[in-house]
Amino acid sequence: MSIVRRISFAVAAALVALPGSALASSNPTGGATAPEEPEVVAAVCEDATAWECARGAELTLSGDSLDEVEAVRFIGRRGARDDRVARPRQAEDHAVSVVVPHDARSGRIAVVSDAGRAVTERRLRVKPGIAARATPLAIAAGEGVFPIAGRHRYGDGLGAGRGHQGQDVFAKCGTPLVALLDATVQHRAFQSSAGNYVVLQTADGASYAYMHLRSPAPVRRGDKLRAGDPVGKVGDTGRASGCHLHFEQWTAPGWYEGGKAVDPLPLLRRLDR
Ligand SMILES: [Zn+2]
């Protein structure tokens with residue numbers, strides 16, 4: 001489970017003010033208690049929208065006695081024909097998360113556990129599906145631009161040598177670099193090993209770092225860029241042997257802000273066409 005999902009789960013769970021019974025259901029004496037019927041008071045999608053979620057997106061239901069939930073039923077319209085059942089991805093006392101089935105329809109939701117079944121009073125609006133995720137991050141197929149606008153060849157990858165957190169891609173000094181996706185400039189600085197670098201952050205919280213730029217990036221922190229916008233030129237500033245782009249891909253919430261570096265090679269290969 002990615003960090004994005006874990007965070008959205010925690011946030012969604014925290015969004016609900018817990019009723020008094022929530023506290024009573026914890027069992028400080030340690031004795032056996034009869035399982036309680038589940039109760040759902042809120043539904044929050046991974047994009048933080050309440051009672052509205054796309055097919056394929058993760059939905060977190062909050063409430064009470066949800067840790068034993070075995071199935072979440074998307075009831076859809078009247079009758080069982082369009083009902084779709086999802087198994088929980090994660091279940092805790094006050095929150096259970098599921099992926100909205102690809103053919104689920106708008107309607108109420110039922111949670112089912114050994115202790116009983118609860119149907120929400122509100123309807124969930126099910127929106128059309130989100131694109132399949134080919135990387136740990138939400139980048140749709142066909143989206144994005146290769147970060148180097150010119151001839152290039154791949155060098156060391158993630159984990160090559162101690163602490164190498166990205167992929168090196170060699171290109172002629174001065175080859176233009178471009179934003180791979182619509183993004184905001186998160187950082188632009190110089191550092192002794194990274195040299196001139198720029199970090200872009202996409203709306204989903206993921207970050208992409210470009211290092212060893214020939215000169216300081218022609219952008220400012222907070223600038224909003226479109227995919228393909230210039231972000232600098234390939235260089236060898238900092239600790240670099242030969243002009244190359246050192247490229248890092250970080251999961252949300254981003255570069256040195258709680259995200260983690262993932263192997264960017266699959267993404268680069270996909271954009272490299
Ligand atoms: Zn490198």
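Select E1 and strand E3 (residues 58-64): the two run antiparallel and are joined by six bridges. Helices (H or I, at least four residues) and strands (E, at least two) are DSSP runs here, numbered from the N terminus, and two strands pair if DSSP finds at least two bridges between them. Zoom in on Ala-42 and you'll find Ser-62 of E3 opposite.

Before going on, some housekeeping. Residue numbers start from 1 along each chain as its sequence is written. This is a predicted model, so local features need pLDDT of at least 70, side-chain atom pairs count only at pLDDT 80 or more, and totals for chains, interfaces and linings use all residues.

**Second stop: the largest nonpolar core**

Select Tyr-197, Val-198, Ala-209, Tyr-210 and Leu-245, which touch the most other members of the 30-residue largest nonpolar core. Such a core is a set of buried Ala, Val, Leu, Ile, Met, Phe, Trp, Tyr and Cys residues joined through C-beta atoms within 7 Å. Buried means 20 or more other C-beta atoms within 10 Å of a residue's own, exposed means 12 or fewer, and partly exposed lies in between, with C-beta atoms placed from the backbone.

Colour by element next: strands E14 (183-191), E15 (195-201), E16 (207-213) and E19 (244-250) and helix H3 (265-271) each give two or more residues to this core. E16 gives the most, with five residues.

Which residues does Tyr-210 touch, leaving out those up to four places away in sequence? Pro-147, Leu-177, Tyr-197, Val-198, Val-231, Gly-232, Leu-245 and Phe-247; a contact is a pair of C-beta atoms, placed from the backbone, within 7 Å. There's also a second, separate core of 24 residues, including Val-44, Cys-45, Phe-74 and Val-96.

Most residues other than glycine have a negative phi, and most peptide bonds are trans. Stay in E16 and pick His-212, where phi is positive, near 65 degrees. His-212 counts as buried, because 25 C-beta neighbours lie inside 10 Å.

Jump to the loop between E19 and strand E20 (261-262), where Pro-253 sits. The peptide bond from Ala-252 to Pro-253 is cis, with omega near 5 degrees. In the loop between E19 and E20 you'll also find Tyr-256, with a positive phi of about 55 degrees. Tyr-256 is partly exposed, with 13 other C-beta atoms within 10 Å.

**Last stop: colour by confidence**

Switch to pLDDT, the predictor's confidence in each residue, from 0 to 100. The chain's mean is 84, and 82% of its residues reach 70 or more. Over residues 1-8 the pLDDT is below 50, and over residues 131-136 it stays under 50. Where pLDDT is low, the predicted coordinates should not be read in detail.

Notes:
Contact = placed C-beta atoms within 7 Å.
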